[in-house]
Amino acid sequence: MRNRARITPEAIKANTVLGNNLRYIRNRRKLTLQKLATLAGVRYQQIGKYELGVDQMSAFRVLQFSQLLQCKIKYFFDPTYIDRMNGFHKGREFFAAMKPELLDIDQLQSNAAEAMDATEVQANL
């Protein structure tokens with residue numbers, strides 16, 4: 001019988017965040033489970049297990065998905081990523097795949113803040 005390491009509640013939470021963010025980004029890029037699996041060289045069931053947080057992703061897989069989905073690695077680990085993206089893109093519908101630039105929420109929020117600052121400066125003149 002093989003001994004398996006006990007998975008801590010923190011590991012379960014991390015796997016869930018990784019999986020939820022992977023699914024969110026994959027859906028925004030308009031990729032199916034099958035298409036992403038083919039690109040990554042794994043079965044689509046494995047992608048599903050990653051997204052559900054059942055299986056842990058290796059560092060290589062996170063890097064690979066980051067490259068395939070054209071987004072920053074840090075967003076896979078950010079528990080606030082989905083909420084921030086939904087808040088920023090509220091009211092917008094994307095029928096085509098979301099451009100990689102639109103997945104970079106930190107840059108989008110920074111640009112919005114700069115635009116607001118510029119508008120405020122113009123209003124004060």
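**Exercise 1. Describe the largest nonpolar core and the elements that build it.**

Solution. The largest nonpolar core counts 24 residues, and those with the most contacts inside it are Leu22, Ile25, Phe65, Leu69, Phe76 and Tyr81. Here a nonpolar core is a set of buried Ala, Val, Leu, Ile, Met, Phe, Trp, Tyr and Cys residues joined through side-chain atoms within 4.5 Å. Buried means under 20% relative accessible area, exposed over 50%, and partly exposed in between (1.4 Å probe, protein chains only). Next, the elements giving two or more residues to this core are helix 1, helix 2 (33-40), helix 3 (44-52), helix 4, helix 5 (74-77), helix 6 and helix 7 (105-124). Helices are DSSP runs (H or I, at least four residues), numbered from the N terminus. Helix 1 supplies the largest share of this core, four residues.

The model is predicted: local features need pLDDT of at least 70, side-chain atom pairs count only at pLDDT 80 or more, and totals for chains, interfaces and linings use all residues. Residues are numbered from 1 along each chain as its sequence is written, and side-chain values use heavy atoms, with hydrogens and water left out.

**Exercise 2. Determine how Tyr24, Tyr75 and Tyr81 are arranged in their aromatic cluster.**

Solution. The structure holds three aromatic pairs. Rings of Phe, Tyr and Trp (its six-membered ring) pair if their centres lie within 6.5 Å; planes under 30 degrees apart count as stacked, over 60 as edge-to-face and the rest as tilted.

- Step 1: Tyr24 and Tyr81 are edge-to-face, at 6.0 Å centre to centre and 90 degrees between the planes. Tyr24 belongs to helix 1 (residues 9-28) and Tyr81 to helix 6 (residues 81-88), 57 residues apart.
- Step 2: Tyr75 and Tyr81 have ring centres 4.8 Å apart and planes at 25 degrees, so this pair is stacked.
- Step 3: Tyr75 is buried, with a relative accessible area of 1%, and Tyr81 is buried at 0%.

**Exercise 3. Identify the salt-bridge partners of Glu51.**

Solution. A salt bridge is a side-chain nitrogen of Lys or Arg within 4 Å of a carboxyl oxygen of Asp or Glu. Six salt bridges are found in the whole structure.

- Step 1: Glu51 meets Arg23 at 2.9 Å, N to O. Glu51 lies in helix 3 and Arg23 in helix 1, so the pair ties together parts 28 residues apart in sequence.
- Step 2: Glu51 also meets Arg26, at 2.6 Å, N to O. Arg26 is in helix 1, 25 residues from Glu51.
- Step 3: Glu51 is buried at 2% relative accessible area and Arg26 is buried at 7%, whereas Arg23 is partly exposed at 33%.
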